Amino acid sequence: KSAEWNTGGIYWTEFLERTDPAKAKLPPTTRWIVWYSQGINDAIAAVPISTWKTATILHLQKIKAQLPGCQIILTEFQSMPANAGYPAVNAAIEEIVAADSSLAAISSTGAGTDGANHWSYAGYRDLVVPALVKKTKL
């Protein structure tokens, strides 16, 4: 859930533990690309979409501060059988992306799934990843 990524929390700390060494070794002109998928667990936990959207915007700002100039590409969840593909989350993602030109989003329509809330390996490999690659601006 988005709340688990708070500053000082285990997930954010782990993110920093992974990105700080990379930043130290790579030139400052490195172009960072972040493929971002989050929102289903918040929806399952009945976090109000406005709360999730605000937390997500703040979290994306933290990522952009950590990786200046990065491009962040968010996944939407149309292909998930649960909750009819999470239309409220998808709409919030589209609103977030529309307000920030450094962001982009991809649809997951047609990606195979493994259970109600996860893409199958083939669905991720054959549809989600190619869509992420296509959206990436190099």
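Is K53 buried, exposed or partly exposed? K53 counts as partly exposed, since its relative accessibility is 24%, where buried means under 20% relative accessible area, exposed over 50% and partly exposed in between (1.4 Å probe, protein chains only).

Before you select anything else, note that this is a predicted model, in which local features need pLDDT of at least 70 and side-chain atom pairs count only at pLDDT 80 or more, while totals for chains, interfaces and linings use all residues. Residues are numbered from 1 along each chain as its sequence is written, and side-chain values use heavy atoms, with hydrogens and water left out.

**The whole chain**

Show the chain as a cartoon, and you will find five helices and three strands, which are DSSP runs numbered from the N terminus (helices H or I, at least four residues; strands E, at least two). Starting at the N terminus, the elements follow one another as α-β-α-α-β-α-β-α. The C-alpha atoms fill a box of roughly 45 × 30 × 25 Å along the principal axes, and buried residues make up 38% of the 138 residues.

**The sheet**

Next, select the three strands, which form an open sheet in the order β1-β2-β3 with parallel pairing; two strands pair if DSSP finds at least two bridges between them. Because β1 (33–36) and β3 (103–106) each have a single partner strand, they stand at the edges, and one side of each is left without a neighbour in the sheet. Neighbouring strands of this sheet are turned against each other by 20 degrees on average, direction ignored, where axes are lines fitted to C-alpha atoms, for helices over the stretch in contact, and angles run from 0 to 180 degrees between N-to-C directions.

Between β2 and β3 the parallel pairing extends over four bridges, and if you pick T75, its bridge partner in β3 is I106. Then go to Q71, which is found in strand β2 (residues 71–75) and counts as buried at 3% relative accessibility. Leaving aside residues up to four places away in sequence, Q71 touches several residues, including R31, W32, S102 and K135, a contact being heavy atoms within 4.5 Å.

**The helices on the sheet**

**The salt bridges**

Now show side chains, since the structure holds four salt bridges, each defined as a side-chain nitrogen of Lys or Arg within 4 Å of a carboxyl oxygen of Asp or Glu. Return to K53, which forms a salt bridge with E95, their closest N and O atoms being 2.6 Å apart. This pair links distant parts of the chain, with K53 in helix α3 and E95 in helix α4 (residues 87–98), 42 residues apart.

A second pair to select is D100 and K64, whose side chains meet in a salt bridge at 2.3 Å, N to O. D100 lies in the loop between α4 and β3 and K64 in helix α3, so this pair ties together parts that are 36 residues apart in sequence. Select also R125 and D126, whose salt bridge has its closest N and O atoms 2.7 Å apart; R125 is partly exposed, with a relative accessible area of 41%, and D126 counts as partly exposed at 48% relative accessibility.

**A last stop in a loop**

Finally, find G115 in the loop between β3 and α5, where its C-alpha atom is separated by 21 Å from that of V47, 68 residues apart along the chain.
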